[in-house]
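Reader: I have a chain open here and would like to talk it through with you. Could we start with one residue and its surroundings, then move on to the rest?

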Amino acid sequence: MSQTVKAAYPFTQTAQTSLREHMEAVAYAFGVASGYSTIDESLVELKKCLREEVVWERNTVWRDMIANERMVNAVGVQSPDLDHADVAASSLKMRKMTATQRQLLRLAACTAVFAIAWAIPAFDGAEQQRCWAMLVYVSLLWATEALPLHVTALLVPFLTVMLGVMRSPGQSHSQLGAGDASKAVFSAMFSSVIMLLLGGFALAAALSKHDIARIIASWVLSKAGTNPRTVLLAYMLVATFASMWISNVAAPVLCFSLIKPILRTLPNGSTFAPCLIIGIALASNVGGMASPISSPQNIIAIDTMHPPPSWFQWFAVSIPVCLLCDLGIWLLLLAVYKPHKTTPSIHQTRFTSESLNPRQLYVCGVCVLTILLWCFESSLSFIVGDMGIVAIIPLVLLFGFPKILSKEDFNNFLWTVVILAMGGIALGRAVDSSGLLHELASRIEAFVDGFPLFGVLCVFCALILVCCTFISHTVGSLIILPIVSEVGARLPEPHSRLLVMGSALMASGAMGLPVSGFPNMNAIMLEDTLGNPYLTTMDFFKAGIPASVVAYFVIITVGYGVMSLLRF
């Protein structure tokens with residue numbers, strides 16, 4: 001130690017003295033620029049900024065390392081299953097089922113139900129009967145995740161052609177041959193909605209990569225003060241706003257990174273930590289309603305609505321609903337956790353003012369231009385056609401310069417979500433072409449016959465709330481929204497767009513369990529420095545389920561009122 005380490009230049013007295021002199025010079029310059037009267041005050045401020053920068057960079061690097069490791073594992077060769085190696089032990093006691101065995105069991109059960117649904121006649125037409133069996137099969141595979149969601153989505157066009165469920169669009173309704181059915185289903189899978197999804201991914205990647213989202217969020221949070229109630233509301237609003245533009249998948253990751261310094265300074269037993277974490281998760285779910293690109297279920301809804309709403313129309317409905325949901329959930333969390341009693345004051349988020357560099361200004365310009373074009377798309381339709389064409393603009397402008405977004409950023413898109421959306425579109429086309437959608441809508445129409453429009457909306461919102469609490473929001477929307485649209489079109493006064501819009505908003509509002517959406521799953525995995533989770537399933541029973549009820553009543557009241565005024 002004395003011969004090697006202490007003899008090295010960085011640990012000599014000369015080096016230490018020189019380092020202190022340079023630090024004091026930097027602190028003096030910082031103090032003069034920032035208006036601090038002493039070097040000690042400047043050093044304290046610099047240490048605070050350094051600590052927050054280290055926390056942010058560490059979380060960012062750790063997230064990148066995990067992403068790289070996942071990419072390596074995805075292309076690596078898996079080791080063989082060695083569960084059967086200990087033969088002697090297995091003969092003495094019953095072994096637990098492996099993950100592969102459980103998956104095969106679920107797959108076999110879903111296939112058995114598929115065979116039963118095909119064998120039991122439920123519809124008159126042969127194409128309708130086969131399509132019903134396919135719909136049941138795909139829904140079960142999605143709900144049980146017997147296969148990965150995107151793999152099941154890839155099965156949809158295969159089953160559509162192999163089962164012969166598609167019919168010709170003419171009055172004859174004759175069954176399409178395999179060649180014509182293939183062309184029809186593949187032409188439906190890649191649509192302007194998919195381009196809109198890719199455009200949203202590009203904006204989110206650029207805002208996140210160039211720290212623009214963090215800068216905006218840090219500036220807003222620095223104004224929140226030290227009152228835990230105010231800070232909770234500020235973080236919830238930031239999470240909702242971030243979800244609006246960088247998706248409700250990336251927004252909670254960003255916000256959870258920003259709250260790390262606060263969580264480390266909280267006293268033991270503080271209820272503010274679980275309150276803040278679940279508040280961000282629930283607000284991110286609410287943010288999934290906010291814009292057409294904030295969640296996949298919104299993309300599915302736009303594809304289902306004819307004509308699709310403009311961005312102004314969507315914002316006119318979603319922003320009041322989101323704000324009221326956030327306020328209602330905020331009051332609920334204050335009542336459940338009472339954070340102000342255990343933590344009267346918290347560490348304030350600091351914001352260091354910095355000018356945007358040319359790349360950040362370029363990204364901001366592209367984002368503003370794209371959003372404006374999306375907002376005015378209906379007025380510019382004679383030039384751009386639809387929103388899918390506009391979505392090409394950010395893809396070209398951002399990926400055209402590798403220093404803005406590179407091919408690695410393109411590869412890191414959520415392609416599984418894209419495939420899932422394409423499979424859902426193909427399923428909707430098959431259900432419509434076979435005549436099954438018409439038949440299901442007729443039966444549901446008979447059930448809601450005599451209900452006012454408000455009652456029909458309440459029924460469908462309750463249905464999608466229950467479904468999307470237990471299964472993916474996207475999957476629930478893929479299955480239910482086409483039926484909602486058809487029933488709405490059959491009402492005495494057709495209001496298909498209103499019912500679809502309300503149901504899509506409710507899909508994001510289903511947040512009662514840890515599995516109800518990515519923000520919840522991300523939140524329940526957060527742990528403190530000792531490895532103890534901040535949240536348990538009971539937290540979602542106490543706050544998540546009531547929050548879903550709050551969202552339900554806001555959507556069927558305020559949402560319904562605004563949509564009625566806009567003549568949806």
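Reader: Leaving aside its neighbours within four places in sequence, which residues is Met244 in contact with?

Author: Bearing in mind that this is a predicted model, Met244 is in contact with Gly287, Ala290, Ser291, Ile293, Ser294, Phe315 and Ile319, once neighbours within four places in sequence are set aside. Met244 itself has its place in helix H10, which covers residues 228–258.

Reader: And how far apart are Met244 and Gly287, in sequence and in space?

Author: They are separated by 43 residues in sequence, while their C-alpha atoms lie 5.6 Å apart in space.

Reader: Why does Met244 count as buried?

Author: Met244 counts as buried because its relative accessibility is 10%, and the cut-off for buried is under 20%.

Reader: Changing topic, what about the chain overall: how many helices and strands are there?

Author: The chain has 27 helices and zero strands, and of its 568 residues 49% count as buried. When contacts between residues at least 6 apart in sequence are considered, 76% of them join residues at least 24 apart.

Reader: How many cavities of 30 Å³ or more turn up?

Author: The count comes to one cavity of 30 Å³ or more, and the largest cavity holds about 70 Å³ of space.

Key. Residues numbered from 1 in each chain as written. Predicted model: local features only at pLDDT ≥ 70, side-chain atom pairs only at ≥ 80, totals over all residues. Heavy atoms only, no water. 1 Å grid on protein atoms, 1.4 Å probe; cavity = no way out; pocket = protein on both sides within 12 Å on 5 of 7 lines; lining within 4 Å. Points joined across faces, edges and corners; volume = space filled by probe spheres on them. Helix = DSSP H or I, 4+ residues; strand = E, 2+ residues; numbered from the N terminus. Buried < 20%, exposed > 50% of the residue type's maximum accessible area, 1.4 Å probe, protein only. Contact = heavy atoms within 4.5 Å.
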